[in-house]
Amino acid sequence: MKLFSKKIKKALIIGIDGVPYSLLNTYIKNDIMPNLKKILSQGFTLHQMNASIPDISSVSWTSFNTGVNPGEHGIYGFTDLKPSSYSLYFPNSKDIQTPTFWEILGKTNQKASTLSQKYYHKIGRPYRSIIFNVPHTYPALPMNGILVSGFVAIDLRKATFPESAYPYLHSINYLIDVEAEKAKDDKVAFMKNLFECFEIRKKAISHFFEEDSWDLFFACITETDRLHHFFYDASKDEKNPYYESFIRFYVELDKFIKILYDGFAKISQENGFFMILSDHGFAPIKQEVYINHFLKEKGLLVLKEEGEFYEKIGDQTKAFNLDPCRIYIHDKGAYPRGKVRREERTEVLREIQQVLQTLKGENGEEVIDKIYKKEEIYHGPHTGSAPDLVCLPKDGYDLKGTLEKKEIFGQNIFTGMHTWHDAFCILPSKIHLLEKQPIEHQIDYVLQYFAQ
Amino acid sequence: MNTEERALPIVIVGHVDHGKSTLIGRLLYDTQSLPPDRYAEIQKTSEMLGKRLEFAFVMDCLEEERSRGITIDTTQTFFKTPKRRYVIIDAPGHKEFLKNMITGSSQAEAALLIIDAFEGIRDQTRRHAYILSMLGFKQVCVLLNKIDLVHYSKEKFSDLKNQVYHFLKQLNIHPTFILPISAIQGDNIAHPSIKISWFDGPTVLQALDTFEELKIEEKPLRFPIQDIYMMDGKKILVGRIEAGHIKKGESVYLLPGKKKVEVKKIEKFLENDVTIANFEESIGIYLKGRHRVKRGQILTTDLFPTISDKIKANIFWMDPMGYHAGEALLFRCVTQEVPCRIKKINRKFDPASMELTEEDASSINGAEVADVLIQLDEKVVVDPFNEIPEMGRFVLEKEGRPVAGGIIPLAG
Amino acid sequence: MDHLSRLENKSIYIIREAYYQFKDIAMLWSVGKDSTTLLWLCRKAFFGHIPFPIIHIDTSYKFPEMYQFRDERAKEWNLNLLIGRNEEKLKEGMGPGRGSKLDCCNELKTNALKGIIKKYRLKAILLGIRRDEHGIRAKERYFSPRDSQFKWDYENQPAELWDQYQSTIEEEEHFRIHPILHFTEFDVWSYVQREELPIVPLYFSKNGKRFRSIGCVPCCSPIDSKAQTIDEIVEEIRVSKTSERSGRAQDKENVYTMQKLRALGYM
């Protein structure tokens with residue numbers, strides 16, 4: 001019996017890494033996911049959504065978590081170069097320049113952003129969150145609640161906050177990620193490992209969901225991204241040897257969503273906020289495209305013999321590419337060997353855009369779909385360190401930042417690639433979207449809910 | 001040849017939540033003083049100045065600090081204006097770390113006192129201002145931060161400005177400027193802001209550039225003996241000149257005994273025939289003839305210092321464990337180390353409330369300030385702090401730990 | 001007094017104070033420019049006759065130029081040189097190939113030092129650490145206690161008030177003293193320039209590269225530079241902005257991350 005008339009506020013967010021809107025739509029229609037179909041009929045709408053640019057998990061989830069674009073949060077990829085150097089480093093949670101939504105809700109944020117300023121006075125009291133397996137939250141930083149980092153994370157201890165949550169995870173042999181290295185040698189074993197990992201994941205999620213107290217619960221399933229990288233060709237092809245396993249995975253995913261949804265309905269007494277989303281879509285790969293080799297052929301990139309990775313960049317270089325397609329002008333002053341002067345930039349940018357548009361794949365089709373200058377898509381204090389040009393490819397052409405290749409096109413063991421335009425989100429139907437939203441706008445609905 | 005200017009050391013004090021860390025980050029950022037690859041660890045290089053940035057973690061690189069959101073220890077960080085270099089000794093504000101704060105303050109020559117324009121003067125603000133005053137800071141600039149939270153209101157600024165002015169006057173602090181700023185928004189730190197167009201004073205950087213380097217006036221010699229080495233069968237006294245200068249052939253006093261001695265030779269490694277050594281130099285001295293010398297004795301050119309085994313002092317107790325009159329302590333002033341006891345606690349004072357708490361007390365608590373009489377086992381040599389600071393400040397230790405810092409006041 | 005002299009005099013004061021407070025003291029010499037500067041300051045403090053040993057922790061993987069330099073100076077400056085090696089682990093084949101880089105440093109450097117401290121019952125060590133070297137080092141104090149497990153209890157730092165350096169220690173603890181804490185990298189080079197100190201030739205450019213910091217051969221990478229003399233180095237640093245340890249590869253996590261990303265088709 002409730003003595004207080006205060007409304008309970010509860011939110012459940014389920015993230016499913018790399019699940020495309022188009023695939024999900026197909027599976028729902030074909031009754032492969034009957035539970036999700038039912039949920040949708042109970043006041044939820046499935047929308048197609050745009051991922052971050054570039055459409056990599058570390059960037060996209062960070063955009064979702066912080067509610068701002070990379071120009072504010074500062075994460076542009078899994079890799080980046082240290083300022084004024086060619087040294088590669090791997091940005092982690094500490095490099096995120098703006099607060100995450102759980103820090104805003106929990107009132108533990110030390111940083112500020114356009115989002116946190118908006119809600120600073122509107123969140124009445126600190127709310128406790130459980131953030132489970134969300135990518136790019138490693139190392140686990142102190143917050144109001146429990147946080148277990150998702151990939152890329154090496155040390156489970158460092159991936160857990162607070163320390164008291166660690167013993168349980170250790171006891172169930174919790175795995176942060178499948179061993180993708182195994183996929184090369186033994187696909188069958190890898191698929192098995194995927195399901196095992198998923199089982200442990202579900203167990204751990206259920207444990208914290210039921211045993212702990214929380215106002216907001218956000219769990220991510222990341223196995224889907226791994227499944228898609230290696231087995232996407234099986235997603236719709238019944239003749240593919242992995243088709244059954246692929247479908248089975250989605251069936252189990254569907255069941256798990258129901259378990260969480262039903263549990264949530266009970267706890268939140270019909271007043272909760274529920275959403276599901278992915279951070280990017282997927283498409284079958286036709287070919288990998290090695291942009292740096294392309295730049296080399298066009299005389300824009302000149303490499304030296306010695307040096308590791310980007311240390312190879314020679315002084316005659318005008319531009320170079322980082323994964324997947326982040327092109328940086330080799331500016332004088334910005335890089336030790338950079339020679340492109342300010343006055344020359346516009347011309348160099350124009351030249352790059354022009355040659356990129358000439359890139360043709362099989363059957364002479366276009367490879368590049370969109371080219372953006374940084375000012376067009378990034379806004380905020382960290383736009384300065386953004387790539388000068390970002391390209392989005394046509395589906396099927398996976399753009400890469402490797403410096404090793406000797407051709408422009410190639411194949412690999414992967415059968416799926418990320419897409420920007422085909423992510424999804426499921427929101428309460430009362431939220432009407434006039435147009436397709438980018439991922440960074442979605443968290444606003446959650447904060448609005450807590451701000452009422 | 002290295003022509004690097006000496007950096008002017010400054011300390012930033014004030015209440016823990018009033019925005020010191022943000023201010024420091026902003027100072028570093030707006031003067032392009034952050035080393036570029038620190039950015040990779042903390043934040044990326046940027047061309048545009050952001051509207052809403054927090055730099056709390058620029059200074060805080062210790063994990064614990066991040067989880068507790070407070071700066072534990074002191075850090076030295078450099079920044080520059082076109083005029084000169086500065087080194088910030090960041091002094092945290094949390095009560096528990098008072099002793100670290102004292103350490104930070106003690107090396108600075110000027111201070112920025114930061115006060116939240118919305119919250120106003122808090123206890124910590126008072127305590128820190130009091131300590132600034134006790135440590136003899138003459139150059140203090142007050143920053144009324146978070147002016148954005150009071151909607152850049154001229155009235156609110158003026159009100160608080162007056163309050164601050166009067167409060168500091170009681171402490172004998174005359175601030176060089178009282179400025180409205182917003183560290184998080186970047187208003188009036190490096191650049192004036194249109195939002196504060198009603199204010200016609202300087203920016204923080206301009207105010208800093210008005211601070212003067214402490215002039216080294218000609219003071220009488222104070223050379224405390226740090227150690228005695230034997231070189232070629234002869235005793236050489238080593239130490240640092242804490243005030244004044246010393247000349248070869250000069251006649252000086254060896255205190256506390258008041259014996260007159262002659263400086264036979266000034267020794268510096270690889271330098272021949274040194275005729276004079278100045279303030280802050282670490283040197284060796286040979287005296288003419290044979291004398292009983294030991295660490296802690298002081299060479300002077302005059303007999304004005306106080307030479308006594310009973311001294312009056314103002315102390316601030318740093319250790320959370322308090323003190324009961326009569327307990328044993330160790331007195332350390334320059335190289336003098338003498339056991340002592342606090343015999344009498346004349347007045348206790350709470351800097352937070354600016355009120356007298358007790359006359360003739362029998363104990364002192366953590367973070368309290370008191371007027372005391374110290375009884376030492378031997379005679380020591382001291383000067384008033386306002387005349388020769390190095391000889392007028394001391395530390396009290398208990399079981400090897402510093403528990404209090406003190407000042408010798410002017411006589412009378 | 002000019003800037004460098006001010007730094008120098010302060011360091012000499014700290015060195016003499018350390019010697020007074022702890023008689024059983026030694027100086028750790030890595031043969032690099034910072035500790036060679038410290039060594040020179042010790043010579044100044046004791047007028048050429050340093051009354052305590054100078055320790056070189058030898059992992060056996062150092063550059064040959066370093067060994068040569070070390071032995072030349074030891075002779076020239078009449079140093080009481082002690083060489084510390086973890087013989088046991090070296091016999092077992094410990095090196096950068098075996099285990100992670102962190103393990104290698106731990107065994108060959110840290111444990112070798114612990115061995116020497118124990119053997120000679122040293123109460124304190126002088127080190128050439130500078131405050132501007134790395135973020136976390138910025139918190140170091142002039143006199144810093146370390147317990148016998150070499151952990152640094154940075155929360156319970158003793159107050160350092162007005163040059164009164166803390167000096168009472170418990171059993172098993174030893175003190176670390178940093179007399180050049182207030183020197184920046186630029187200051188060290190300027191001081192080397194002013195005093196005309198000898199420096200390991202690795203610091204000078206050869207084939208367009210020089211070392212910014214030197215240590216064990218497998219873990220040090222040179223940077224691009226044309227500076228062949230101290231004057232040129234000073235000038236280069238005046239302009240340069242990258243900080244010193246960028247050559248050292250000790251990040252286990254980076255290796256792991258790279259592996260993971262590779263397996264997923266990145267990089």
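Predicted model: local features only at pLDDT ≥ 70, side-chain atom pairs only at ≥ 80, totals over all residues.
Two strands are taken to pair if DSSP finds at least two bridges between them.

In chain A, strand β13 (residues 326-329) and strand β15 (residues 389-393) pair in the antiparallel sense, over two bridges. Within this pairing, A:Arg326 stands opposite A:Val390 of β15(A). Both strands belong to an open sheet of four strands, ordered β12-β13-β15-β14 (chain A), in which the pairing is antiparallel. Its edges are formed by β12 (319-322) and β14 (368-373) of chain A, each of which pairs on one side only. From one strand to the next, the twist averages 25 degrees. Helix α13 (residues 342-357) of chain A lies across β12, β13, β14 and β15 of chain A, and runs at about 170 degrees to β14(A).

Chain A also contains an open sheet of three strands in the order β16-β11-β17 (chain A), with mixed pairing. Here the edge strands are β16 (397-400) and β17 (409-410) of chain A, each pairing on one side only. Strand β11 (residues 287-290) of chain A is joined to β17(A) in the antiparallel sense over two bridges. In β17(A), the residue opposite A:Val289 is A:Phe409.

Among the helices of chain A, α9 (residues 187-211) and α11 (residues 243-268) pack at an angle of about 0 degrees, and their axes are 12 Å apart. Angles under 35 degrees count as roughly parallel, and α9(A) and α11(A) are therefore roughly parallel to each other. On the α9(A) side, the contact involves A:Met191, A:Phe198, A:Lys202 and A:Phe209. These meet A:Ser245, A:Glu252, A:Phe256, A:Leu260 and A:Gly263 in α11(A). By class, the residues of this contact divide into five nonpolar, two polar and two charged.

In chain B, strand β14 (residues 282-287) has five of its six residues buried, so the strand is largely enclosed by the rest of the structure. Two antiparallel pairings of this strand are described. Strand β8 (residues 234-240) of chain B is joined to β14(B) by four bridges, and B:Val238 has B:Gly284 as its bridge partner in β14(B). Strand β11 (residues 259-268) of chain B is likewise joined to β14(B) by four bridges. In that pairing, B:Leu287 of β14(B) stands opposite B:Val263.

Strand β16 (residues 306-317) of chain B runs antiparallel to strand β22 (residues 369-382) of chain B, and ten bridges join the two. B:Lys312 has B:Leu373 as its bridge partner in β22(B). β16(B) is also joined to strand β24 (residues 401-407) of chain B, again antiparallel, by four bridges. There, the bridge partner of B:Asn314 is B:Ile407 of β24(B).

Helix α6 (residues 123-134) of chain B has twelve residues and reaches 16 Å from its first C-alpha to its last, close to the 16 Å expected at 1.5 Å a residue. The helix is mostly covered, with ten of its twelve residues buried. The buried residues include the charged B:Arg126 and B:Arg127, as well as B:Ala129, B:Ile131 and B:Leu132. B:Gly136 follows α6(B) and has a positive phi, near 80 degrees.

In chain C, helix α1 (residues 3-21) and helix α2 (residues 33-45) pack at an angle of about 70 degrees, with their axes 9 Å apart. This angle makes α1(C) roughly perpendicular to α2(C). The residues of α1(C) in the contact are C:Glu8, C:Ser11, C:Ile12, C:Ile15 and C:Arg16, which meet C:Leu41, C:Cys42, C:Lys44 and C:Ala45 of α2(C). By class, this contact has five nonpolar, one polar and three charged residues.

C:Leu90 lies in helix α4 (residues 87-91) of chain C. This residue counts as partly exposed because 17 C-beta neighbours lie inside 10 Å, whereas a buried residue would have 20 or more. Leaving aside residues up to four places away in sequence, C:Leu90 touches C:Ser60 and C:Arg85. C:Leu90 and C:Thr59 are 31 residues apart in sequence, and their C-alpha atoms are 8.1 Å apart in space.

How values were computed. Residues numbered from 1 in each chain as written. Chains lettered and ligands numbered in written order. Contact = placed C-beta atoms within 7 Å. Axes fitted to C-alpha atoms, helices over the stretch in contact; angles between N-to-C directions. Parallel < 35°, antiparallel > 145°, perpendicular 65-115°, else oblique. Expected span 1.5 Å × (residues − 1).
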